[in-house]
Amino acid sequence: MRLVALVLCVVLAGDARAQSLPSEPISVANGRFVFGGEFFGTFGSEDPGFFDYNDYEYNALRNVRLSVSTEIRASRHLQALAEVRLEHGDELSAYAMFLRIRPWPDRRFDVQIGRVPPTFGAFGKTIYAYNNIVIGQPLAYQYLLSLRTTALPRTSDDLLRMRGRGWLSDFPIGDTSPDAGVPIMNTSRYDAGVQVHGVVRRIEWTGAVTAGSLSDPRLGDNNGRPQFAGRVIAHALPGLSLGVSAARGPWLDDSLDPALDGVAEASEFVQTAVALDAEVSHGPWLARAEWLRSSWSMPALGLPAIEAPVVARSLIVEGRYRLLPGLSLALRGDGLWFSDITGSGVMDTWEANVRRLEGALGYSITRNITAKFAVQRNRRDGGRVRHDTLLAGQLVYWF
Amino acid sequence: MAAVIALAAFAPARALARDASTQTAAGTGGIRGRLVLRRTAGTNERRPEVSDPGAGAPREPADRRRGVVYLEQAPRPAFDEREPSRASMDQRNERFVPHVLAVMVGTVVDFPNSDRTYHNVFSLSRAKRFDLGRYAAGKSKSVRMDRPGVVRVFCDIHSHMNAFVLVFAHPFFDVTEVDGRYELPNVPPGTYSVVGWHEGEARITSSVTVAAGAWAELDLPVP
């Protein structure tokens, strides 16, 4: 598999030099159909601590993805957008699929309906390799926590037992088979719902009502109540933008209702998140930062009880400096910090705190073919593997 | 207006032709005709950004009807040293204006930013690699084109922005009008290969003989 991907990468790079691959979107029927795409292959070292996994089986640092996006411009008022992905070489999925309605063509006000892009946060686009200044994704958007939407800890001891085990956690209530937990915000799939977006002078705002939650975006509803999310960005000055995001919605699956035995309903327990972000750029510099806080409420089912809601905080700081035309150096530092809970005679954070530092060197062979090399250092206060240093390379082609 | 100034000032052959109308300098002739495009280039669309919560601001697409016509090999005196000149490629409504610029080696090209947002002009072309970094409205940065060749220009922030700067070692070139018309005046008598170029995708070469005091007519149908 890896060999096939590597050969594909080399062939792509060679072909592109010969300009046989598109270098800009393919436009058909006078712009009514526009196609874009991204291909990347990422080859990283072993990750025994599961720091970069966004699923029990899939490592974000070992991935080959081909995605094709399309925009069908039915009229000035209506467009249909979709993105289809072939991930890890064999998983085909419709990542995004929505209608975009612009009631007044000359005003920047859109309504999007379907499987829509994330409303919350500034780093959702790092899922696209060409938008990511390093190779790994920010912990808040990828790192698997022990929390699961279909299984619950009975006591705080159950939760503490799973510290650093988000890649394969198990709890005694609900689905008791081990499975991967959820990240604070899951960017590996889009949520379904309605999104409204507008721009008024230097203020850009977005609101959305969707079926899932930040941690568990869904195509269909699984608990009978929607999530509400909003984001406002102020483009204060050229090169400076400031953003604030908030989201609140139930996060547990209603398959837990029988296990809750009438004490409560799964839909009563919510994930609530807020975030502040900033981006500044000038000359060869680009810097971004985001602070976010998320909490998950959950039922108290046994003693010692979980002092819900449990809270996670994250800080992401990244910067890029263009050394030469086509050559850039990037650095991202981020971390996850968790609230304390009390178990049987012990007080600890409900999840193991994690810190990550990643540096990357990016070289653009052509405008739309980039090679990146990264070193990533992870540290965790719990779990079987407490720290590791990973090396990764990535080749990205887009049009 | 700026685009007109840019084209007039930075395509020497065209500028001379305007003065001479249908005349050329003593002892020389000229070549004129049309670069005939059988199909127009795509409309330079934005990528389908499915990760955006809304569409971008409405914008005019780049004018991709113009091409460049030039002599493949020029007579020796054409390579004599000349005063370095300046050219301008503006950034306006998220596009480069003009979309195609033709200049001589040594020309300094200014890239003013006339938009409200930042732009980041760069090129990774062999003829000239540069990256001007991000700069705001009202600011301008410059690049000296010191080698002949095609310089593909992009914006690092807006992927739909692109343009061409064609750099020549001689003055016998012209950016065509939107209907394809071109004029190469003051060409010494002789037989030349004339090249028609469009958007880096189409290229046609044809031979023509120039006599003193006369215009040779040559249409170049791009396949």
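How many helices and strands are there in chain A? Chain A has four helices and 21 strands, where helices (H or I, at least four residues) and strands (E, at least two) are DSSP runs numbered from the N terminus. The model is predicted, so that local features need pLDDT of at least 70 and side-chain atom pairs count only at pLDDT 80 or more, while totals for chains, interfaces and linings use all residues. Residues are numbered from 1 along each chain as its sequence is written, and chains are lettered from A and ligands numbered from 1 in the order in which they are written.

The C-alpha atoms of chain A occupy a box of roughly 65 × 50 × 40 Å along the principal axes. The radius of gyration of chain A, taken over C-alpha atoms, is 21 Å, in agreement with the value near 21 Å for a compact globule of 399 residues; the globule rule is 2.2 Å times the number of residues to the power 0.38. Of the 399 residues in chain A, 46% are buried. A residue is buried if 20 or more other C-beta atoms lie within 10 Å of its own, exposed if 12 or fewer, and partly exposed in between, with C-beta atoms placed from the backbone. Among the contacts in chain A with a separation of 6 or more, 57% are between residues 24 or more positions apart; two residues are in contact if their C-beta atoms, placed from the backbone, lie within 7 Å.

In chain A, β19 (354-366) runs antiparallel to β20 (residues 369-380), with twelve bridges between them. Strands pair if DSSP finds at least two bridges between them. The hairpin from β19(A) to β20(A) passes through two residues, and Ser364(A) has Thr370(A) as its bridge partner in β20(A). β20(A) also pairs with β21 (residues 387-398) of chain A, in the antiparallel sense and over eleven bridges. Here Ile369(A) is opposite Tyr397(A) in β21(A). Six residues lie between the strands in the hairpin of β20(A) and β21(A), where Gly383(A) adopts a positive phi near 90°.

Chain B contains two helices and 18 strands. Buried residues account for 47% of its 223 residues. For contacts in chain B between residues at least 6 apart in sequence, 66% join residues at least 24 apart. Five strands of chain B form an open sheet with mixed pairing, in the order β6-β12-β11-β8-β9. β6 (100-104) and β9 (128-135) of chain B each have a single partner strand and stand at the edges, so one side of each lacks a neighbour in the sheet. Within this sheet, β11 (residues 149-155) and β12 (residues 162-168) of chain B run antiparallel and are joined by six bridges; Val153(B) is opposite Ala163(B) in β12(B).

The contact between the chains involves 39 residues from chain A and 28 residues from chain B. On the side of chain A that touches chain B, β3(A) gives the most, with three residues. By class, this side has nine nonpolar, 19 polar and eleven charged residues; Ala, Val, Leu, Ile, Met, Phe, Trp, Tyr, Cys and Pro count as nonpolar, Asp, Glu, Lys and Arg as charged, and the others, Gly among them, as polar.

Arg129(B) lies in β9 of chain B and is partly exposed, because it has 15 C-beta neighbours inside 10 Å. Apart from neighbours within four places in sequence, Arg129(B) contacts Pro325(A), Gly326(A), Ser123(B) and Leu124(B).
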